[in-house]
Amino acid sequence: QVQVVESGGGLVQPGGSLRLSCAASGSIFAIDTMGWYRQTPGKERELVATITAAGSTNYADSVAGRFSISRDDTKNAVYLQMNNLKPEDTAVYYCNADVRPGYGSGDWYVYWGQGTQVTVSS
C-alpha cells in the first residue's frame, strides 16, 4: 500500500554529477525523515545522507561537501545531488522514508526502495 521508488542512477565519469530521485506513493498520512543509503558487494549498507521533515540534514563524512540532499513534500519526494563523483562512490543506492500510512492504527514504518545502481568509471 506504500511504495518507495528510486530513479536516476547510471554510469558517470569521475568528477561528474548525477541526481537521484525517490518518491513515496500510496496511502500516506505523513512522512518524517527520508534518506539515502548505499551498499557495495562485501560491505554493509551505509548511510549517505538524511533529511528530516523540518529540513535538517546529515551527511556521511565521505560525501560531505560533494552531495546534497533535498526534499519536495508536495511530491513525497527526496533527491540526492551528487557532484565530483569518485570511483569509490560506486554502489547501489537505496532510498528510505519514515512513513505513517493513511490506514491502520497510526504507527510509523520505515520503507525502502528497490535500489538504483550508480557506477563511477572512466
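Asp-89 and Arg-38 are both buried. They are described here from a predicted model. The two side chains form a salt bridge in which the closest N and O atoms are 3.0 Å apart.

Arg-38, Glu-46, Arg-66 and Asp-89 are linked in a network of salt bridges. In general, side chains of opposite charge can pair when their charged atoms come close.

Strand S4, which holds Arg-38, covers residues 28-39. The relative accessible area of Arg-38 is 6%, which is under the 20% limit, and the residue is therefore classed as buried. Its side chain makes a polar contact of 2.8 Å with the side chain of Glu-46. Another polar contact, of 2.9 Å, joins the side chains of Arg-38 and Tyr-93. Leaving aside residues up to four places away in sequence, Arg-38 touches a set of residues that includes Glu-44, Arg-45, Glu-46 and Val-48. Ser-62, Val-63 and Phe-67 are also among the residues touched by Arg-38, as are Glu-88, Asp-89, Ala-91, Val-92 and Tyr-93.

The model contains four salt bridges in total. One of the salt bridges joins the side chains of Arg-71 and Asp-73, at an N to O distance of 2.9 Å. Arg-71 has a relative accessible area of 17% and is buried. Asp-73, at 46%, is partly exposed, because this value falls between the limits of 20% and 50%.

Turning to the strands, an open sheet of four strands has the order S1-S3-S8-S7, and the pairing is antiparallel. Strand S1 (2-7) and strand S7 (67-72) are the edge strands, each pairing on one side only. Neighbouring strands of this sheet are turned against each other by 15° on average, direction ignored. Strand S3 (residues 18-26) and strand S8 (residues 77-82) run antiparallel and are joined by six bridges. Within this pairing, Leu-18 has Met-82 of S8 as its bridge partner. Strands of a sheet pair through backbone hydrogen bonds, in either a parallel or an antiparallel manner.

The disulfide count for the model is one. The sulfur atoms of Cys-22 and Cys-95 are 2.0 Å apart. The torsion about the S-S bond of this pair is about -80°, so the disulfide is left-handed. Cys-22 is buried, at 1% relative accessibility. Cys-95 is likewise buried, with a relative accessible area of 0%. A disulfide is a covalent bond between the sulfur atoms of two cysteines.

Note on methods: Residues are numbered from 1 along each chain as its sequence is written. This is a predicted model: local features need pLDDT of at least 70, side-chain atom pairs count only at pLDDT 80 or more; totals for chains, interfaces and linings use all residues. Side-chain values use heavy atoms; hydrogens and water are left out. Two strands pair if DSSP finds at least two bridges between them. Helices (H or I, at least four residues) and strands (E, at least two) are DSSP runs, numbered from the N terminus. Axes are lines fitted to C-alpha atoms, for helices over the stretch in contact, and angles run from 0 to 180 degrees between N-to-C directions. Buried means under 20% relative accessible area, exposed over 50%, partly exposed in between (1.4 Å probe, protein chains only). A polar contact is a pair of N or O atoms within 3.5 Å; within protein, one must be able to donate a hydrogen and the other to accept it, and residues adjacent in sequence count only if both atoms are side-chain atoms. Contact means heavy atoms within 4.5 Å. A disulfide is a pair of cysteine sulfur atoms within 2.5 Å.
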